[in-house]
Amino acid sequence: SLFPILFITVACGACSGFHAIVASGTTSKQLSRETDAQAVGYGSMLLEGMVAVTALTCVMMLPRTHDVFQGTPKPNFIYALGIGNFLQVLGINPAFGVCFGLMAFTTFVYDTLDVCTRLGRYVLQELTGWQGRWGRSITTLLTAGVPALFVTRTIVGPDGAPIPAWKIFWNLFGASNQLLAALTLLGVTVWLMRTGKSRWTWVVTAAPMLFMYTMSAWSLLLIVVPWLLSFGQGFRFDLVAFVALILVVLAALMLLEALRTFRQHPSRPEKETGGNSWRPYSPAPEADR
């Protein structure tokens, strides 16, 4: 259905949690001043949106009767052929466009896998405290082992025919990516409310967070609920549904933690004397409590 699948299918070109996690550790260190983040962040997401529109446009250039749609569709060739047909309209050799499309597709995928692996290793090292050469090696193997477990499995449909891995994992990937974005906005919302830095918090960060959180959780539940309902009726372990269940539980815990934190430390913005600006709330020192 259009809701909520549309909002996890267009995972790139939307408010991406992957970009939020990466930007928090890299972009922040590359800015000369904090205000530069407005132009850099906003401009980057505009370009990301342009990538999504370009991808949709390229697919629209191919008729359904094209040979690439016969048999098992291959997304990389669909994208590349769409690029070639699109550039042909602009007077560019379609063969060059196909090569460019395949190169761009491969670059995006490999770059994403590389960054994901490194971020996963960093997170595991921080959680476990494993340092040194052995720490790096073990956490890298654990991080790379999870996707390897997914892609090496043979998935068979009800008719006994194998199903391409991307058809199974894309909804999970899109939902987890958008859920990361929702959790990022959740963290920003709690911080803005506690510090009293903006009276527009509900409009700027909270409303998008609620929308994205709802769509992502809804999408994950569409994977989890049928699996849970199959208990006692030929139930079998489904790795994708199990991971989706873990994501739903973690998202719920994150939301409860944010609500608990805000209840314990509500925002108390105070007006500065003789002005209309808001002063961030600072908790009292331990000795004064």
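**Entry 1: the model.** I am working with a predicted model, and I began by looking up how many salt bridges the structure holds, which turned out to be three.

**Entry 2: Arg 33 and Asp 36.** I looked up this pair and found that the two side chains meet in a salt bridge, with 3.9 Å from N to O. Since a salt bridge calls for a nitrogen within 4 Å of a carboxyl oxygen, I noted the distance of 3.9 Å with some care. I then checked accessibility: Arg 33 has a relative accessible area of 52% and is exposed, while Asp 36, with a relative accessible area of 25%, is partly exposed. Arg 33 counts as exposed because the cut-off is over 50%.

**Entry 3: Asp 114 and Arg 118.** Here I found a salt bridge in which the closest N and O atoms are 3.4 Å apart. When I asked where these residues sit, I saw that both lie in helix α5, which covers residues 94-128, and that they are four residues apart, about one turn of the helix. Arg 118 is partly exposed at 36% relative accessibility, and Asp 114 is partly exposed with a relative accessible area of 39%.

**Entry 4: Glu 257 and Arg 260.** The side chains of these two residues meet in a salt bridge with 2.7 Å from N to O. Both belong to helix α9, residues 239-264, where they are three residues apart and so separated by about one helical turn. I recorded Arg 260 as partly exposed at 40% relative accessibility, and Glu 257 as partly exposed at 38%.

**Entry 5: how α8 and α9 cross.** I stayed with α9 and looked up how helix α8, residues 201-229, is placed against it: the two axes come within 9 Å and cross at roughly 140 degrees. Why do I call α8 and α9 oblique to each other? An angle over 145 degrees would count as roughly antiparallel, and the crossing here is roughly 140 degrees, so the pair is oblique. I also noted that α8 passes α9 in a left-handed crossing.

**Entry 6: which residues meet.** Lastly I listed the contact between these helices, in which α8 contributes Tyr 213, Leu 220, Leu 221, Ile 223, Val 224 and Trp 227. Sorted by class, the contact of α8 with α9 has 16 nonpolar residues, no polar residues and no charged residues.

Methods. Residues are numbered from 1 along each chain as its sequence is written. This is a predicted model: local features need pLDDT of at least 70, side-chain atom pairs count only at pLDDT 80 or more; totals for chains, interfaces and linings use all residues. Side-chain values use heavy atoms; hydrogens and water are left out. Buried means under 20% relative accessible area, exposed over 50%, partly exposed in between (1.4 Å probe, protein chains only). Helices (H or I, at least four residues) and strands (E, at least two) are DSSP runs, numbered from the N terminus. Axes are lines fitted to C-alpha atoms, for helices over the stretch in contact, and angles run from 0 to 180 degrees between N-to-C directions. Angles under 35 degrees count as roughly parallel, over 145 as roughly antiparallel, 65 to 115 as roughly perpendicular and the rest as oblique. A crossing is left-handed if the near helix is turned anticlockwise from the far one by less than a right angle, and right-handed if clockwise. Contact means heavy atoms within 4.5 Å. Ala, Val, Leu, Ile, Met, Phe, Trp, Tyr, Cys and Pro count as nonpolar, Asp, Glu, Lys and Arg as charged, and the others, Gly among them, as polar.
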